[in-house]
Amino acid sequence: MKLILIAITLSITATQSSVAQDTEKRRWQQGVRYEIEAELDTVARQLNASMQITYRNNAPDTLNRIYLQVPSNAFHDDENTAVREMNRFSGGNMDFDQDGGHEVTVQSVQFISIGHNENFPILAYNFKDTILDLRLPTSLAPGDSMLVNVAFIQKFDSETERSERIPANHVLWFPKIAVYDQDGWQADPFHFMMQASDIYSEFADFEVALTVPGDYIVAASGELVSGNPGWQEVVADTSTTEQAYEAWHDSLKQVRFDKARLAGPRRLVFRAQSIHDFTWSASPEFTYFESELSGTPVHLLAWGDGGIGWLKVFLLNHQFAWTHLLQHFGEYPFEHLTVTHSLDRDFAVPWHTMLGHPEFFELAFELSKIWVPGMVATNGVKESWLSTGMQTYLGKSLSEKKYGPKGYDTEEAQEDMNWLERNYPLPSIDGLLRNLTHLYSESGANEPISQRIDEYRDPVGLAFNVYLKAELFYEMLHFVVGDSSFKAATRELVSRHAASHIAETEMREAFETAAGQELGWFFDQWLRATPTVDYKQGKVRKRKLDDDSWVTEIDLERKGDGIMPVEVEIELGDGQRVVKRWDGKEKQTTLTVETPKKPREVNVDPDDRIMDSNALNNTNTRLEFRPDLPLLKFIHMPRDAYLVLWRPLIGYNGHDSIRLGARTRSSYRAFYNNLDLEFMFGLDSHELDLGATYSHPLTRKNLLQRYRLMARKNEGRFEADARVSLKGSHGVLAVGGSRSLEFGLNFSTVLNDSYTFREVRNDTGTTRLDEWQDVNVLTSYAEGRMRADFDAGFTEAKVRGEIALPGGDAQFTKLSGRWTSEARAGALKFLARGNLATSFGPDRLPAQDQFRAEGATARERFQNDILKTGDTVLGFSRRFVEGGGFMRGYAGQPLPAERFVTANLEITTREVMALAIRPFLFYDVGRIWSTRKDGGVGRGDAGFGFTFLGDELNLFGGNLSVFEDLNAKLVFPVWLSDPLPGEKHTKFRWYIVLGKSL
């Protein structure tokens, strides 16, 4: 024990020493000053600018080069990092609406002086990606300064959609000097999914002169030192109606335009000190209103005819949001704040904020950027989570402070809902965020929060980690240190590190100081690992004392690898409760609590503070019953209840007549403890059918690795199945590919052959097909799938084998495979599919297991839960289950086979139409052997169709299809190579393909 204590002490001492050394290294910071002269040319649609940079080398190192960042060019060259990452992430199958800005062209760079040296010629420079690499003509020694002139233009007439007009808001508009710190130059190119606030640049002093047309209203970072911004010419009356405001605004624009033609351009000069970005806004559409926030003047510029609505909402909400931020960051240290109504982007720096929607969440999210990373800068490439997670946390906490636990106005949210949407329970912001994070964390694709922005597997992983998981990191940190310590730490962080750069080290130090405790265990666990938190309530023992008080002993167990302090609530009734906290470090403990009354209930983590992965073992299990509405189990996932979805069932067949029944689908958080129960009763036959299916993940680290047990008696057949599914991918979007393996055992038998046929109707009449033989079949099976994604498509291979085991009435082996490739070009997608199947063994395949060249086997249709038997009220001949050889034109005349080989070609659009509908053309060709020894026959067909929710939202490389139960197709074969006698080769036919639960 003594050795352990010594080791812990040395570890803490080393950590503290490391923190102190790191803080010491960060004390020096380069000195930068920008002097910029820029003219907005609305005729040429470009910004003409020249910039003089004064750079003082405060580092202990001699510099031989400098780097300028031009992030606005990120998406203007297919070879740039951001575009290559976007294409890699999307696989060419997804369009991301991301644009770094309007392209900047650097026209010249000239060094004026370096130390005591002057008169350097204009030099060539290396401009790669978004980084301008400038090798110095002579070295810059520690303590020396240099002067650099840069001339550049920014064009607004590029082909990007956001460049259809001259922007009102100017972000990423000038080349910015990169940071040089103790780790050297931080000159990363702009990455895909980066935001403008993620750019890591030096703090500097700015003097910016802007020349704009005379009728333009101007706002900018910093203090106006000369010129007229035009605010007083467009002062708005916030008490007016929208119609009156619009009329006033339109007449005002014309008057000002006429005056501007006579007065000429307007020149304004702004100055700001110790900021690392400078933004500005200019437009003839702005109107002005002045307000204040806690004594700070606030200048509001609303845009366009609808600006009055934006102004009113902002004035209604801004003080409440501002107070919330001041509690976390301390006083706003600048003389004023300008807020510009933005239609294209939100962005905030000290002095100037661009804001689209002034609701509470957006206000806190955007305005918090003024402090972090505006005043206290963070490296958005290495630690994007640090500031973005804090912004999300502040937005959510403000919304909850205003509206309560839901985090929004529920009455307002329901105003625009239709009758169906109103039947869905409204989730809270926090509950929705936590459920999504739980699913991601347990998806098998979970990653640590703390990574470089370009190292996440895909954009979904980045978004979850940088926004959602990082927000919960701050939420749990708040729980660990307490409210007063949390706010004291964020205020200290800003106070101590204003106008400098920080990393995780400085943030952790601030929280440890405020809380008076070591937090390395918390930071390491949640930032660099992927823990699973699961605390279980065990036995609860209660006994009454002589004085009528009660002692309760509660056994607690830590089942996961994550460690968090956990609260235990003892509910006494009448709103009384006692809460005790356990540090949660040991695997097991017993908590003893004395209460004046007999406890009614015990609940572990009652307020959902620690991301407990299984709240069902925290207290008594609760059932919640709801109608089985589409996708409800993905939308409503109560943390403390087992959700039971129910629906009535009605059907018809020739043997039972009308069939009545019900179905329940139960689950915990959509993917856990999934239990489906079903019964149907035939009114004529008095047959009762029953079925049960249970599935659950093998571990809580990967919800796609599952086992499944099923047994059912249905329409004259009994089937039992046990399987294990092992599925994996490189990420949620499965960029690069995915894989899966499934194996199991299946037993089936026929109980009543009155159900085991179907009727096929066509021009020649009606034919009865017996599809099930009265044999017991016991098989083992295995199916493997691999998928590889490319920039312009994917390739997938699937192989399945089935072996009939001894104990059954038939001995056979089946092998089948499918190869699929998809290519994307322009607005079209091209799909090629090859299918083959064969069988061997002493017995022929039973009818239910014979391959079908046109579609699914009889057994697969039975398992589909839609198509079981023939003679149904909806007309079986028009309902179809895909599979087999996909010879879709022969859906009305089945092609049973012991072997087949087929190919399919499809052409469809990349973009879906209204209602998620996508048209397609198809051509199928193949050869079918009805027995293993015959010569086989050739068949072909062609036609067109429409898919509804066909392959939309397929995650983990297709291992999870969110709309699997809801998708549908309409298939219209118009040509068959070999129709039935009496039918034509070309004829209008149609079939419907339904998802499992439609």
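I began with H249, which sits in helix α3 (residues 242-263); helices here are DSSP runs of H or I of at least four residues, strands are E runs of at least two, and both are numbered from the N terminus. The model is predicted, so I noted that local features need pLDDT of at least 70 and side-chain atom pairs pLDDT 80 or more, while totals for chains, interfaces and linings use all residues. Residues are numbered from 1 along each chain as its sequence is written, and side-chain values use heavy atoms, with hydrogens and water left out.

**Entry: H249.** The classes are buried under 20% relative accessible area, exposed over 50% and partly exposed in between, with a 1.4 Å probe and protein chains only. Beyond its neighbours within four places in sequence, I found H249 in contact with E285, T287, G304 and D305, where contact means heavy atoms within 4.5 Å.

**Entry: helix α12.** I recorded G520, F522, F523, Q525, W526 and L527 as buried in α12 (residues 520-528). The cover over these buried residues includes α6 (384-403), α9 (459-481) and α11 (504-515).

**Entry: salt bridges.** I took a salt bridge as a side-chain nitrogen of Lys or Arg within 4 Å of a carboxyl oxygen of Asp or Glu. By this rule I noted 71 salt bridges. In one of them, R65 and D133 meet at 3.0 Å, N to O. R65 belongs to strand β3 and D133 to strand β7 (residues 131-140), so the pair ties together parts 68 residues apart in sequence. I found R65 partly exposed at 23% relative accessible area, whereas D133 is buried at 15% relative accessibility.

I next examined E471 and K396, whose closest N and O atoms are 3.1 Å apart in a salt bridge. This pair links helix α9, which holds E471, to helix α6, which holds K396, and so ties together parts 75 residues apart in sequence. Both E471 and K396 are buried.

I then turned to E553 and R541, a salt bridge with its closest N and O atoms 3.2 Å apart. E553 lies in strand β26 (residues 550-558) and R541 in strand β25 (residues 535-544), so parts 12 residues apart in sequence are tied together. I noted E553 as partly exposed at 23% relative accessibility and R541 as partly exposed at 35% relative accessible area. Finally, I traced one network, in which salt bridges that share partners join K396, D430, R434, E471, E475, D605, D608 and R639.
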